[in-house]
Amino acid sequence: MPLLEVRDLSVRFGEIEALHGVSFTIDEGAVVTLLGSNGAGKSTTLRAISGLVAPRAGSILFDGRAIAGLSPRAIVKLGVAHVPEGRRVFPGLTVRENIMLGASNGNASSAAIRREADAMFDVFPDIRHFADALGWTLSGGQQQMVAVARGLMAKPRLLLLDEPSLGLAPVIVQAVFQIIAEIHKRGTTVLLVEQNAHMALKVANWGYVLESGGLALGGDPETLWSDERIRDAYLGGGQAKATR
Ligand code: ATP
């Protein structure tokens, strides 16, 4: 049984049909990337899975359990954490406090949550030094690491990452993808939305391509990458070729 199964998912915003009849699965332990051009429906897919938007039709099964229509809070508790696009680090809180906000166990003591937040610095050594620094003092890449660390505080079985490399310098993008590989190694399943198809297909076991709210294709990274028509149409064409 897949860890996540999305069946015939449709989402509308007024007249806009953001997703129509989207179906795909994610196996436990995989890194799956969701690619597609601007407005294809990638973020909406993540938001539907984490309960931030209600599907008009279709079902979402997490570990065999129907989660569509549950509250975002209930879905986090079941083991799905969402790191949205744009980092959203609180500027007036310290790095440690920002990370602590991700704890989903309401019964844990603040000392225990603090210990867990500090343990995150083993995964994110680059920000350990900034534990007591305020959020606004961090670079974009450091903020992205704080956002991912906050998501991991919920100890998710499935981590949804929306454009973690957006707006970051190439060397920082490398660091962010290394962290995704490390998260994978530690056994967390990842669904990664990316514009950077080149990097995403390097870290992923499987990829899906969304086009105008529908699933255009799915395959292993080699298959997606080796098809020239697919590459030109969906994966950034010449630019992607030049960097491979
Ligand atoms: P991007 O890379 O630009 O974020 P995306 O593939 O993530 O693109 P979505 O953000 O999921 O695309 O948007 C899919 C479609 O739904 C777009 O036409 C978008 O304008 C529309 N849309 C998304 N959110 C809303 C909303 N809250 N209200 C109205 N329309 C929306």
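Predicted model: local features only at pLDDT ≥ 70, side-chain atom pairs only at ≥ 80, totals over all residues.
β6 and β7, the latter spanning residues 158-162, run parallel and are joined by four bridges.

Now let's step back to the sheet. It is open, has six strands and mixed pairing, and its order reads β6-β7-β8-β3-β9-β10. At the edges sit β6, residues 80-83, and β10, residues 214-219, each pairing on one side only. If you like angles, neighbouring strands here are turned by 20° against each other on average, direction ignored.

Next, the helices. Helix α6 lies across β6 and β7, and its angle to β6 is about 165°.

I'd like to finish on α6, which covers residues 140-152 and includes R150. So here's one for the group: which side chain of opposite charge is nearest to R150? That would be E97, 10 Å away. R150 is buried and yet has no salt bridge, as a salt bridge here would need a carboxyl oxygen within 4 Å.

What does R150 touch, leaving aside its neighbours within four places in sequence? The contacts are R87, R88, V89 and F90, and then N98, I99, L101 and G102. Two arginines, R87 and R88, are among them.

Key. Residues numbered from 1 in each chain as written. Heavy atoms only, no water. Helix = DSSP H or I, 4+ residues; strand = E, 2+ residues; numbered from the N terminus. Buried < 20%, exposed > 50% of the residue type's maximum accessible area, 1.4 Å probe, protein only. Lys, Arg positive; Asp, Glu negative; His and termini not counted. Contact = heavy atoms within 4.5 Å. Pairing = 2+ DSSP bridges. Axes fitted to C-alpha atoms, helices over the stretch in contact; angles between N-to-C directions.
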